[in-house]
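User: I have a structure open and would like to go through a few parts of it. Can you help me read it?
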Amino acid sequence: MNPYILAILLFGLSLGTTITFASSHWLLAWMGLEMNTLAIIPLMAQHHHPRAIEATTKYFLTQAAAAATLLFASVTNAWLTGQWEIQQITHPLPSTMITLALALKIGLAPLHAWLPEVLQGLDLTTGLILSTWQKLAPFALILQIQPSNSALLTILGLTSTLIGGWGGLNQTQLRKILAYSSIAHLGWMILVLQYSPSLTLLTLLTYFVMTFSTFLVFKLNKSTSINALATSWTKAPALTALAPLILLSLGGLPPLTGFMPKWLILQELTKQGLAPTATLAALSALLSLYFYLRLSYAMSLTISPNNLTGKTPWRFPSTQLTYPLAVSTAMTICLLPLTPAISALLTP
């Protein structure tokens, strides 16, 4: 892609998110979300592959449906209350519609079916943008409206954690596994949103760091399936030794960074008297942990010759920058001891 066009599209992405962040009016927020969607469409379709075009079409139709629902709900709210302010959602009908529209935008279960299919059709770089940056603007709106329907949020959160774990069990494609991982992590964030927004923000940032590391590892190895991971030892031995730590951090095992948000969320849910919800969420994390262990096994505990049909690729020198990967990997593995300091910073 022409670098000037790429710069314009990336600028459109950042501008759309910034407009949504800065807006207090529903029309401006909707406009920012639309700019965001339209800026990423050419990035998704840039390879002119039928699978990429299919993924782009699915994404566009889904986002258009979510944006139309959001606009309709905000107009309904203005009709019922006379307010266009984002934080003035007082009527339960527009509040529920807006929550469901934003859930569709970020891929919360049971409105998640588009996310694995879309992510599977993209290259790893665009998939990384879709899994991280594209979730910022809808999350900013969810945090601002603070939906009053706590039962809806709990149902969305628990369904997402369960489906995110269950759906990834029988997958062999890495991008689909990362999509289900995204759904599960979003479920944890939504569960604690109504009780501690700062903890939701901490979970979102931690998820971004861990996902960034995971995508960069797969991009460096040029791996898109589990079988391709089996040949990682020959290309990057040191990184392959660290990769299971990144994956287990995504799974939430101590003493890695990913344990921090899960630990704090379970603590907060228990404080709120929601012990059954916390128990279900903790059990659903075991489902996710299983497929992270599968990836770890395929990547670092199998060597050629092995029972995985992995074909040894040519070892071309990588052109990818390694500094971002090094920094994000260190953060993914080593931030757990800083939990008290991070919690103190995020506490209002």
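User: Which residues of helix 8 are buried?
Analyst: First, some background: this is a predicted model, where local features need pLDDT of at least 70, side-chain atom pairs count only at pLDDT 80 or more, and totals for chains, interfaces and linings use all residues. Residues are numbered from 1 along each chain as its sequence is written, and side-chain values use heavy atoms, with hydrogens and water left out. The buried residues of helix 8 are Leu152, Leu153, Thr154, Leu156, Gly157, Leu158, Ser160, Thr161, Gly164, Gly165 and Gly167. Buried means under 20% relative accessible area, exposed means over 50%, and partly exposed is in between (1.4 Å probe, protein chains only). Helices are DSSP runs of H or I with at least four residues, and strands are runs of E with at least two, numbered from the N terminus.

User: What covers those buried residues of helix 8?
Analyst: The cover includes helix 4 (92-106), helix 9 (174-193) and helix 15 (275-300). Contact here means heavy atoms within 4.5 Å.

User: How far apart are the end C-alpha atoms of helix 8?
Analyst: They are 25 Å apart. Helix 8 runs over residues 150-167, and at 1.5 Å a residue its 18 residues should span 26 Å, so the two values agree. The expected span is 1.5 Å times one less than the number of residues.

User: Now charges. How many salt bridges does the structure hold?
Analyst: It holds 5. A salt bridge is a side-chain nitrogen of Lys or Arg within 4 Å of a carboxyl oxygen of Asp or Glu. Side chains of opposite charge can pair when their charged atoms come close.

User: What does glutamate 117 pair with in helix 3?
Analyst: One partner is arginine 51, with a distance of 3.5 Å from N to O. That pair links distant parts of the chain, with glutamate 117 in helix 5 (residues 114-120) and arginine 51 in helix 3 (residues 50-81), 66 residues apart. Another salt bridge joins glutamate 117 and lysine 58 at 3.8 Å, N to O. Lysine 58 is also in helix 3, 59 residues from glutamate 117.

User: Which residue in helix 9 does glutamate 117 bridge to?
Analyst: Lysine 176 is in helix 9, 59 residues from glutamate 117. The closest N and O atoms of this salt bridge are 3.4 Å apart. Salt bridges that share partners join Arg51, Glu54, Lys58, Glu117 and Lys176 into one network.

User: Why does lysine 176 count as buried?
Analyst: Lysine 176 counts as buried because its relative accessibility is 18%. Glutamate 117 is at 27%, so it counts as partly exposed.

User: Different spot. Is threonine 126 buried or exposed?
Analyst: Threonine 126 is buried, with a relative accessible area of 2%. It lies in helix 6 (residues 124-131). Leaving aside neighbours within four places in sequence, threonine 126 is in contact with Leu43, Met44 and Gln46.

User: What joins the side chains of threonine 126 and aspartate 123?
Analyst: A polar contact of 2.7 Å joins them. A polar contact is a pair of N or O atoms within 3.5 Å; within protein, one must be able to donate a hydrogen and the other to accept it, and residues adjacent in sequence count only if both atoms are side-chain atoms.

User: And serine 300, where is that?
Analyst: Serine 300 is in helix 15. A polar atom of its side chain lies 2.9 Å from the backbone oxygen of serine 296. Not counting residues up to four places away in sequence, serine 300 touches Trp233, Thr240 and Pro244.
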